[in-house]
Amino acid sequence: MNLSSWFRRSVSRNSKNNKNPPDQPQPHHQEQEELLGITQQLIDHVKSFTLETFKNFPIQDDGDIEAQTSYNVRKDLSDWQERHAVLVLSKVKELSQLRFKLCPRHLKEEKFWRIYFMLVNSYVAEYELHAIQRAKLQSIAMKDEKTPDTCAYEVEMAERNQADSVAPSTP
């Protein structure tokens, strides 16, 4: 699966799932926007982007080096960046139109997003850092929750094995 088809499907899913009228506040949606760094300042900054912003951006081409996961699936963006990209595309139509004009005619999808995240780094870096910290804390919490269960199971098994060894064997 390539990145562009993933984005098309994700944006399509988001628009289908978002059936509430635009006038009604959506607390979960607003909370997600905040977690993903979609602020009014970011939106205003992104709306200032032009075709030339991306075409003339000084970035080196890495050739055709692809970042891959163990399943040979292209993985250029982190999970947080993917969720941010989908949300910002649905929220800022100007960016969606720019992407449509630029990719793949002038830029590869991966290069577009690399440039985008460099351009908005000062706006989203702290949000991405907070997301990484939350993920680590959740991982630690999950690990701590599993430890007592495992210990209780091990103690139970040890007690059973001890009882079996102490019990007289029947001839």
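The structure is a predicted model, in which local features need pLDDT of at least 70 and side-chain atom pairs count only at pLDDT 80 or more, while totals for chains, interfaces and linings use all residues. Residues are numbered from 1 along each chain as its sequence is written, and side-chain values use heavy atoms, with hydrogens and water left out.

The chain has eight helices and zero strands, where helices (H or I, at least four residues) and strands (E, at least two) are DSSP runs numbered from the N terminus. Along the sequence, the pattern accordingly reads α-α-α-α-α-α-α-α. Of its 171 residues, 29% count as buried, a word that stands for under 20% relative accessible area, with exposed meaning over 50% and partly exposed lying in between (1.4 Å probe, protein chains only). The accessible surface of the chain comes to about 12,400 Å², and 52% of this belongs to carbon and sulfur atoms; such areas come from the Shrake-Rupley method with a 1.4 Å probe, and for residues only the protein chains shown count as cover. Among contacts (heavy atoms within 4.5 Å) between residues at least 6 apart in sequence, 82% join residues at least 24 apart.

How does the neighbourhood of α7 look from one of its own residues? Phe 112 is placed in helix α7 and is buried, with a relative accessible area of 0%. Leaving aside neighbours within four places in sequence, Phe 112 is in contact with Phe 54, Leu 95, Arg 99, Leu 102, Cys 103 and Leu 107. One of these, Leu 102, is ten residues from Phe 112 in sequence and 8.0 Å from it in space, C-alpha to C-alpha.

The packing of helices comes next. Two packed helices are described by the angle between their axes and the distance between the axes. The axes of helix α5 (residues 79–91) and α7 come within 12 Å and cross at roughly 90 degrees, the axes being lines fitted to C-alpha atoms, for helices over the stretch in contact, with angles running from 0 to 180 degrees between N-to-C directions. That makes α5 roughly perpendicular to α7, on a scale where angles under 35 degrees count as roughly parallel, over 145 as roughly antiparallel, 65 to 115 as roughly perpendicular and the rest as oblique. On the α5 side the contact is made by Trp 80, Gln 81, His 84, Ala 85, Val 88 and Leu 89, and on the α7 side by Trp 113, Tyr 116 and Phe 117. These residues divide into seven nonpolar, two polar and no charged, where Ala, Val, Leu, Ile, Met, Phe, Trp, Tyr, Cys and Pro count as nonpolar, Asp, Glu, Lys and Arg as charged, and the others, Gly among them, as polar.

Helix α5 also meets α6, and here the axes come within 5 Å and cross at roughly 105 degrees. The two helices are therefore roughly perpendicular to each other. Val 88, Leu 89, Ser 90 and Lys 91 of α5 make this contact with Lys 93, Leu 95, Ser 96 and Arg 99 of α6, a set that divides into three nonpolar, two polar and three charged.

Some single residues complete the picture. Most peptide bonds are trans. The bond from Cys 103 to Pro 104, however, is cis, with omega near -5 degrees, and Pro 104 has its place in the loop between α6 and α7. Gln 60 lies in the loop between α4 (51–55) and α5 and is exposed, with a relative accessible area of 69%. Gln 60 and Lys 111 are 51 residues apart in sequence, but 9.6 Å apart in space, C-alpha to C-alpha. Glu 34, found in helix α2 (residues 27–35), is partly exposed at 44% relative accessible area, and 93 residues in sequence but 8.2 Å in space, C-alpha to C-alpha, separate it from Tyr 127.
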